[in-house]
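Student: Could you walk me through this one before I set anything up?

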Amino acid sequence: MLGAMSKPPPPAPAVPADAVPAVPAVPDGAAVSDMPAAPLPAEPSFLDKIMEQNPYFSAGAGLMGLGVALTALRTAGKLGATAARRRMLITLEMTSKDKSYPWFLEWMAAQSAHAREVPPSDRGLLGALRGRVTQLPSHELAVETNVKQHENGSSDAVFNLVPGPGTHYFSYMGHWFQVRRERDSKLMDLHSGTPWETLTLTGLSSSRTVLPSLLDEARALAERGSVGKTVVYTAWGVDWRPFGKPRSRREMGSVVLAEGVAERIERDIRAFLARGKWYAERGIPYRRGYMLYGPPGSGKTSFIQALAGSIGYNICLMNLAERGLTDDKLNHLLGLVPDRSIILLEDVDSAFTRRVQTSEDGYKSSVTFSGLLNALDGVASSEERIIFMTTNHAERLDPALIRPGRVDMKEVLDDAHGEQACRLYTKFYGHRVGENAPEDGQSPDPLLRSEHLSEDEISALGKQVGEVVDRARAEGRNVSMASLQGHFIRSGARESVAGVDALCVARA
Ligand SMILES: Nc1ncnc2c1ncn2[C@@H]1O[C@H](COP(=O)(O)OP(=O)(O)OP(=O)(O)O)[C@@H](O)[C@H]1O
Ligand SMILES: [Mg+2]
């Protein structure tokens, strides 16, 4: 349109040169001084002359003025629209670094799963207008696959369809939002190795009030998945990240320790958790350290997992021998553990002994012993901190590491004692409460095949197993709880008794 306007105007009719009005001449003979001092008309400037005389120029100037006015109008329009948008719309940005990011995606996935349940006729725009669905069907999806491994070796895959990069629409409490998921192919999150992503929610200003409850709902939904479960966090760079899906809690009773050990540790930790105020009032750092030591397969890791589940805590697992872990990083990570988490440092001795042993092949752990001590003490941390350390070689530990304040409770978890082996046996083969012994004594599964034994028979056989283990112990031969467990899994109740003695071996 502007292009059409900037065309040169049609040529104006030629004006004869003599038609230009002449300046009135002074009458002859009149003295110049006698004339009244009439103001002389201002001499038109060269530019004025051109403008007045040249129709091309005057038309151009008009057009230019129009152009400027239109441009100004357009800019004002744009500014007005931006201002209106600013006043009427709100946007919320979430980056993939933020904790709400996966929660929100999961929430969206749950909404679209719900939307897929309504009849197809109610799914589209009409359905949304009629309030039948709270999300418009999306054509840009991404898949998140969870593989669940069963104990018998088989596995199930669950496919979670989440909104993929692109634009999506949903409503929450009657407010419609647009969601844009954008992936930056150039920026990477170096810790997780995933591309940097941003979610932008846009809604009307009035929707601002529902945003907090939307995020709360997303968080509650995400946490529902981990209720009754234990999340295991591992260090990802300088952050703690959940390692795999939350795991089902392990029953405390499933880890069979020597008489009274489990109860002692549990009582201590519960007392510690109940005394936060007491510590604060006395200005004592609110932390507690535990050291579990003993031979491999005695249940150290399993017990800590079960204990964490029992007190409703998660676990932050840290491997001190990890390459690239420095004193600074360790200190930083221990100061940043997620709420309600137990810090678990496994094999604390190996981080320092292995360095000496394998320095020839270039292995170097960069955590120093003093770095570990500093990290354990923390910088005057008043935050609650529970640290569990495990080792197979308590004798190799430096006294500085296990002094009170760093380690407040030490417990040995040893190879099986007779009484422990007996309890493990009855746990394995005994009938569950309310369950009858199965009729079928011919089942191919050794565990089921054995179950036609009565409770009395089971406890008599358990006693026998205990005696075998105690006798072997007296001769200096031991068996770990892990190898007893493996043996019981493989054999039936009766046959397993005979094989126990062969499992007991003298330790070097
Ligand atoms: N006391 C126990 N009661 C029941 N099961 C046990 C016990 N000890 C070990 N197990 C079983 O043995 C396996 C290994 O146990 P776990 O990993 O807890 O041993 P650990 O003491 O941490 O060994 P390591 O010192 O090698 O780390 C687990 O499957 C666990 O179920
Ligand atoms: Mg272990």
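This is a predicted model: local features need pLDDT of at least 70, side-chain atom pairs count only at pLDDT 80 or more; totals for chains, interfaces and linings use all residues.

Student: What surrounds ligand 1?

Tutor: Its shell has 15 residues (C-beta, placed from the backbone, within 6 Å), and the closest are Pro296, Gly299, Thr301, Ser302 and Ala482.

Student: Which domains do they come from?

Tutor: Domain 2 (247-412) and domain 3 (418-506) each give at least three residues, with bounds from an automatic or database assignment.

Student: And which helices supply at least two residues each?

Tutor: Those are α9 (300-310) and α16 (481-490), helices being DSSP H or I runs of at least four residues, numbered from the N terminus.

Student: How do α13 and α16 cross?

Tutor: The axes of α13 (residues 418-429) and α16, lines fitted to C-alpha atoms over the stretch in contact, come within 11 Å and cross at roughly 30 degrees on a 0 to 180 N-to-C scale. The two helices are therefore roughly parallel (under 35 degrees).

Student: Which residues meet there?

Tutor: From α13, Gln420, Ala421, Leu424, Tyr425 and Phe428 meet Met481, Leu484, Gln485 and Phe488 of α16 (C-beta atoms, placed from the backbone, within 7 Å).

Student: New topic, what about α4 and α6?

Tutor: The axes of α4 (residues 100-115) and α6 (residues 211-224) come within 8 Å and cross at roughly 85 degrees, which makes the pair roughly perpendicular (65 to 115 degrees). Among the residues meeting there are Trp103 and Trp107 in α4, and Leu215 and Arg219 in α6.

Methods
Residues are numbered from 1 along each chain as its sequence is written. Chains are lettered from A and ligands numbered from 1 in the order in which they are written. Angles under 35 degrees count as roughly parallel, over 145 as roughly antiparallel, 65 to 115 as roughly perpendicular and the rest as oblique. Two residues are in contact if their C-beta atoms, placed from the backbone, lie within 7 Å.
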